[in-house]
Amino acid sequence: MRKQIAAANWKMNLTINEAETLLYTILDANLEVSENQKVVFAVPAPYLTLAAKKVTDHSNVFIAAQNIYSKKSGAFTGEVSVTMLKSIGVDHAVIGHSERREYFNESNEFLREKVKLCLEENIVPIFCCGEALPVREVNQQNQFVQTQLEESLFDLSADEIQQVVIAYEPIWAIGTGKTATSEQAQEMHAHIRSQLAAKYGEAIANNISILYGGSVKASNAKEIFGKPDVDGGLVGGASLVADEFVAIIKALKS
Ligand SMILES: O=C(CO)COP(=O)(O)O
């Protein structure tokens with residue numbers, strides 16, 4: 001059965017003191033994260049070691065890198081590899097966030113290599129996809145997202161694809177306060193799942209968690225997560241506020 005996941009993406013925010021306070025406050029909030037749920041914190045690279053140590057006593061809570069490089073080691077100044085992450089106990093990585101695609105020109109092909117590398121090191125890739133506003137305005141979002149999946153994920157084996165978490169994040173809803181309606185989210189998630197089913201079969205498609213991201217907050221999480229194909233969220237701004245993120249975790253399906 002696929003997991004219900006609340007994933008925080010802190011992006012490039014917080015000092016170490018602020019990060020510690022936020023993480024500790026959330027973890028101390030008497031969270032009951034069931035076996036069918038996961039909570040993930042994608043923290044800035046300098047805080048990964050500390051955060052990974054901190055969550056070891058909390059079941060079903062994990063730390064993610066916000067990015068990795070597409071090689072395991074070598075002369076790539078400034079980059080972080082999956083091998084390094086593994087060695088500090090980090091077991092998830094956000095791959096292909098729209099901000100990386102846009103500001104760092106990450107292509108579907110490049111992201112395919114990153115996903116592969118994560119899987120080789122047993123790191124769960126949280127693979128982001130989603131369309132910009134002009135694509136939605138001409139009603140091409142399904143085809144657009146389908147191409148992202150085909151070019152980055154669909155050469156994975158049946159075993160491999162089941163390790164991947166997919167996050168649908170429509171770019172027009174990120175940081176804008178403008179969420180997709182729960183119906184728009186459900187429609188796209190159902191489309192993604194149908195594409196997975198067409199390629200890998202229904203049983204496998206039903207095992208894959210598909211998260212929604214884009215202006216999720218405490219006040220809308222329950223409705224969005226309540227949709228049958230929405231298995232939780234990848235949360236930016238609201239994950240920086242302890243009470244908000246705790247409420248978002250509590251809005252997960254059990
Ligand atoms: O980009 C996001 C998560 O990865 C979403 O950001 P916001 O929740 O701030 O819209």
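These legends describe close-up views of one predicted model. Residues are numbered from 1 along each chain as its sequence is written. Because the model is predicted, local features need pLDDT of at least 70 and side-chain atom pairs count only at pLDDT 80 or more, while totals for chains, interfaces and linings use all residues.

**View 1. Eight strands close into a barrel.** The order is β1-β2-β3-β4-β5-β6-β7-β8, and the pairing is parallel. Neighbouring strands of this sheet are turned by 25° against each other on average, direction ignored. Strands (E, at least two residues) and helices (H or I, at least four) are DSSP runs, numbered from the N terminus. Two strands pair if DSSP finds at least two bridges between them. Axes are lines fitted to C-alpha atoms, for helices over the stretch in contact, and angles run from 0 to 180 degrees between N-to-C directions.

**View 2. Strand β5 (residues 124-129) is largely enclosed by the rest of the structure, because six of its six residues are buried.** Buried means 20 or more other C-beta atoms within 10 Å of a residue's own; exposed means 12 or fewer, and partly exposed lies in between, with C-beta atoms placed from the backbone. Val124, Ile126 and Cys128 point one way from β5. Pro125, Phe127 and Cys129 point the other way. In a regular strand the side chains alternate between the two faces of the sheet.

**View 3. β5 pairs with β4 and with β6.** Strand β4 (residues 92-95) joins β5 in the parallel sense over four bridges. Here His92 stands opposite Val124, and Ala93 has Pro125 as its bridge partner. Strand β6 (residues 165-168) also pairs with β5 in the parallel sense over four bridges. On this side, the bridge partner of Ile126 is Val165. Helix α5 (residues 108-120) lies across β4 and β5, running at about 175° to β4.

**View 4. The UniProt annotation "active site" (unreviewed entry) covers His97 and Glu169.** They span 73 residues in sequence, yet no two of their C-alpha atoms are more than 8.4 Å apart, so they gather at one spot. UniProt positions are given in the numbering used here, feature names are shortened, and annotations may be inferred rather than shown by experiment. His97 lies in the loop between β4 and α4 (98-103). It counts as buried, with 27 C-beta neighbours inside 10 Å. Glu169 lies in the loop between β6 and α9 (182-200). Glu169 is buried too, with 26 such neighbours inside 10 Å. Leaving aside neighbours within four places in sequence, Glu169 has contacts including Ser98, Cys128, Ile174 and Leu234. Contact means C-beta atoms, placed from the backbone, within 7 Å.

**View 5. 14 residues surround the ligand.** The closest are Asn9, Ile174, Gly213, Gly236 and Gly237. A residue is near the molecule if its C-beta atom, placed from the backbone, lies within 6 Å of it.

**View 6. For "binding site", the unreviewed UniProt entry lists Asn9, Trp10, Lys11, Gly175, Ser215, Gly236 and Gly237.** They are spread over 229 residues of sequence but cluster in space, with a largest C-alpha distance of 13.9 Å. Lys11 sits in the loop between β1 (4-9) and α1. With 18 C-beta neighbours inside 10 Å, Lys11 is partly exposed. Gly236 is found in the loop between β8 (232-235) and α12 (242-250). Gly236 is buried, with 22 other C-beta atoms within 10 Å. Not counting residues up to four places away in sequence, Gly236 touches Asn9, Lys11, Ile174 and Gly175.

Notes: Contact = placed C-beta atoms within 7 Å.
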